[in-house]
Amino acid sequence: MPVNIIVGMQWGDEGKGKIVDILSEHHEIIARYQGGANAGHTVVVNGMKFVLHLIPSGILREGKVCVIGSGVVVDPQSLFAEMDQLEKGGIKIGGRLLISPRAHCILPVHKSLDKAHEARGGQRKIGTTGKGIGPSYADKTARVGIPMFFLSDEKKLESAANSLLAVKNSLLSDFYSQDKLDPATLLKEIKSFIPRLLPFVGDTRSVLADGMRDGKNILCEGAQGTMLDLDHGTYPYVTSSYTVSGGACVGLGIPPGKIDKVIGVAKAYTTRVGEGPFPTELLDGVGAKIQEEGNEFGATTGRPRRCGWFDGPVARYAVEINGIDEIALTKLDVLDVLDKLCVCTAYKVDGKTVERIRDDVSILERATPVYKEFDGWNTKTAGITEFSKLPDKAKRYIGFLQEQAGAHISIVSTGQGRESTITGIPRS
Ligand code: IMP
């Protein structure tokens, strides 16, 4: 009865959606444990493209139960848009999606505050997705937020919404010089989404506990990536949730001892959206080529992603902090067009060689990568489904990434579709 976790090893956008989709075939329950509609998981099934933000990618497999855990912040508008997209694509959601009553709501005021904070710019600009993630988690932590279970208690809801808006309105108008939000309009809006939302709210923790007791396979789906973790990422340039594997235990109510395997997902290169240190960033034509070949534009905001070489210290850190047992390497085919490739093995910081990400992450702002260079394979790997069919130079590159990360690469993705995947790669 394995409980497995999928976790991003870099700064998000590693292609977790596709890997969750593939692995969900062998899991009965797929459960999202943190983040919100800031995530964007693109999955292509039978040539049809789905972009999921909140609902686990497992929804694309018939009969799978999908859970949104207490660690997630839910924007009902975004959720409904996603439901509409899935229903249009012939995917049934009724009876297959369950949201924790403890998951907090993202309200329009959270999105306004997120955008107002970013608009001020300056040093504390994070480059957020503008989806209200930070303000919503801040309210949850300050114990003034609105969890799903308030929605079925009108009195509680009204009192919570009114007191929340009283404080937030003074912040919006006095500090950010923005228009205040009308409490009556806010309540009307919240009440308008209750009828569609509440039927999906239920006791997710018991479903998971019963699933574990009954020997069901459970896949915990992480969003964003290790380097965006609130505690363990490149603070303050992080998201506001726990993206590391430990977040799955907290955000779903699963005891740590029940976890069987942690699968890390890493791109064959690195990308980052938003501000913050990125030692292997390529600001030249090679970066632009990777961006174009990899279609590196945000699934949520459409923003161009910064592109760079694979970062060994980041991969080692991700393996260490998440307890990664196996790695799924994605977007190998994007590198088919490059003559030369580099992999960062360490950094030079203040004249010293640093091989490990340490808690003083600000050193990354002045770190210069130490690279090992590889010849490109310059042949098409796109669509290859057997490891033996990969060019030797690509195999060598993958072998080096594995060595750098310190965990076995068991899956390699060679294209967007489900079918463009090499699975079951034996340990060498
Ligand atoms: P927030 O999560 O919207 O508050 O944004 C905080 C930081 O995390 C910003 O740098 C975002 O670009 C980044 N971020 C949030 N979600 C994702 C994601 O799904 N992929 C990549 N970056 C993300």
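User: Of the 16 residues around the ligand, which come nearest?

Analyst: This is a predicted model, in which local features need pLDDT of at least 70, side-chain atom pairs count only at pLDDT 80 or more, and totals for chains, interfaces and linings use all residues. Residues are numbered from 1 along each chain as its sequence is written, and side-chain values use heavy atoms, with hydrogens and water left out. A residue is near a molecule if one of its heavy atoms lies within 4 Å of it. Among the 16 residues around the ligand, those that come nearest are D13, N38, T129, T239 and R303.

User: How many residues of the shell around the ligand are charged?

Analyst: Asp, Glu, Lys and Arg count as charged; Ala, Val, Leu, Ile, Met, Phe, Trp, Tyr, Cys and Pro as nonpolar; and the others, Gly among them, as polar. The shell has 7 nonpolar and 7 polar residues, and its charged residues number 2.

User: What is the distance from a polar side-chain atom of T129 to an oxygen atom of the ligand?

Analyst: A nitrogen atom of the ligand is 3.0 Å from an N or O atom in the side chain of D13. The backbone of G127 has a polar atom 3.3 Å from a ligand oxygen. For the polar side-chain atom of T129, the distance to an oxygen atom of the ligand is 2.6 Å.

User: What share of the ligand's exposed area does the protein bury?

Analyst: Accessible areas come from the Shrake-Rupley method with a 1.4 Å probe. Taken alone, the ligand exposes 470 Å², and the share of this that the protein buries is 97%.

User: How many residues of domain 3 are in contact with domain 2?

Analyst: An automatic or database domain assignment gives the domain bounds, with domain 2 at 104-197 and domain 3 at 265-422. Their C-alpha centres lie 37 Å apart. Counting heavy atoms within 4.5 Å as contact, domain 2 contributes 6 residues and domain 3 contributes 5.

Technical notes: A polar contact is a pair of N or O atoms within 3.5 Å; within protein, one must be able to donate a hydrogen and the other to accept it, and residues adjacent in sequence count only if both atoms are side-chain atoms.
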